[in-house]
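Please examine the sequence and the structure shown here. The paragraphs below then lead through some of the features.

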Amino acid sequence: MARWEKIGCFGLTEPLVGSGASGGLTTTAKREGDTWIISGQKKWIGNSPWCDISIIWARDVADNQVKGFIVENKNTPGFSVEKIQNKIALKVVQNGLITMDNCRIPEENRLQGDKSFRDTARVLRMTRYLVAWEATGCAMGAYENALKYCQERLQFGRPIGSFQLVQDLLAKMLANITASQCMVVRTAQLQAEGKLSDAHAALAKAFTTAKCRETVAWARELLGGNGIAAEYNVGRFFADSEALYSYEGTYQMQNLIVGKAVTGLSAFL
Ligand SMILES: Cc1cc2nc3c(=O)[nH]c(=O)nc-3n(C[C@H](O)[C@H](O)[C@H](O)COP(=O)(O)OP(=O)(O)OC[C@H]3O[C@@H](n4cnc5c(N)ncnc54)[C@H](O)[C@@H]3O)c2cc1C
């Protein structure tokens, strides 16, 4: 996978378990000698309809801990994927519903360094940090399209960008973007220094996706009716921001991680 010879996907979320994945996974792994029997479903898994390998997170029935397994999509009896249709956001990615019915996985395909959900969370720290960058880019794309539109679109015989109320929105969008850029640059510095914590990643993910959501809504507003037409591009950023806000852990989950870090008190059940 590191050489791009095989493409993978990350299978954690289930049809009935999303935010509560740390303690509530229903996909099970049962060891029989040197083989693991895995059964369950995974929902929303990006790339899964076409990729080579799935990293599947399952609860070991023996010790109740979450463990990671490398599952070959094509050569594993009992493994199937149904592509999720009619998404309104992130249409560039194919998401799937994975079903595993007594899939037999060799012990050598278990991620040996993964002992519990704590290790799974180390992956989530990185992916959340990356979503913060995605959200910043999404807001920038919407702003750039909206700014150009405001300079070209005439109403009352003048570019709409000359109206004070329009400039107010553009200024607020730019402030959101600048704050998000500062935050993601700082998280990149912490990452490079080996100091990025779960709370840092959660804070950046929550803040940038919330600001992105606000920014793309203002961009859509500035395009008037054309804001909902796909060919003007802003509608795409508007829809994508909804997925960014909720995936890799929802806004609320990120704030609970931050809340636990600052108070020392866990609000998770
Ligand atoms: C486009 C897309 C791509 C995705 N890709 C992947 C992928 O590749 N791999 C993968 O494993 N998953 C993936 N996901 C799943 C994603 O991570 C989950 O959708 C997300 O974590 C939320 O889980 P849920 O949808 O089950 O919502 P739920 O957990 O059911 O949450 C519903 C609402 O309840 C709120 N809520 C839940 N518990 C609490 C609480 N204790 N306090 C306050 N509010 C609470 C949530 O914040 C949310 O607003 C993807 C999702 C999408 C939409």
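**Strands, cores and a surface patch**

In this predicted model, strands β2 and β3 form a hairpin, with two residues between them. G33, which lies in the turn, has a positive phi of about 65°. Strand β2 covers residues 28-32 and strand β3 covers residues 35-46; the two pair in the antiparallel sense over five bridges. Within this pairing, A29 stands opposite I38 in β3.

Strand β2 also has another partner. It pairs with strand β4, residues 53-60, in the parallel sense over two bridges. Here A29 stands opposite D60 in β4.

In soluble globular proteins, nonpolar side chains tend to be buried together. The largest nonpolar core in this model has 24 residues, and L170, M173 and L222 have the most contacts inside it. Helices α2, α3 (164-192), α4 (198-222) and α5 (234-246) each give two or more residues to this core. Helix α2 gives the most, with nine residues. Leaving aside neighbours within four places in sequence, L170 is in contact with Y143, L147, C150 and L222. Apart from this core lies another, of 15 residues, including I56, F69, V71 and I105.

L130, W133 and V185 make a nonpolar surface patch of about 260 Å². W133 lies in helix α2, which spans residues 117-152. Is W133 buried, partly exposed or exposed? Its relative accessible area is 37%, so W133 is partly exposed.

Conventions
Residues numbered from 1 in each chain as written. Predicted model: local features only at pLDDT ≥ 70, side-chain atom pairs only at ≥ 80, totals over all residues. Heavy atoms only, no water. Pairing = 2+ DSSP bridges. Helix = DSSP H or I, 4+ residues; strand = E, 2+ residues; numbered from the N terminus. Patch = residues over 30% accessible without salt bridge, like charges linked within 9 Å, V, L, I, M, F, W, Y side chains within 5 Å. Areas by Shrake-Rupley, 256 points an atom, 1.4 Å probe, with all protein chains shown as cover. Salt bridge = Lys/Arg side-chain N within 4 Å of Asp/Glu carboxyl O. Buried < 20%, exposed > 50% of the residue type's maximum accessible area, 1.4 Å probe, protein only. Core = buried A, V, L, I, M, F, W, Y, C linked by side-chain atoms within 4.5 Å. Contact = heavy atoms within 4.5 Å.
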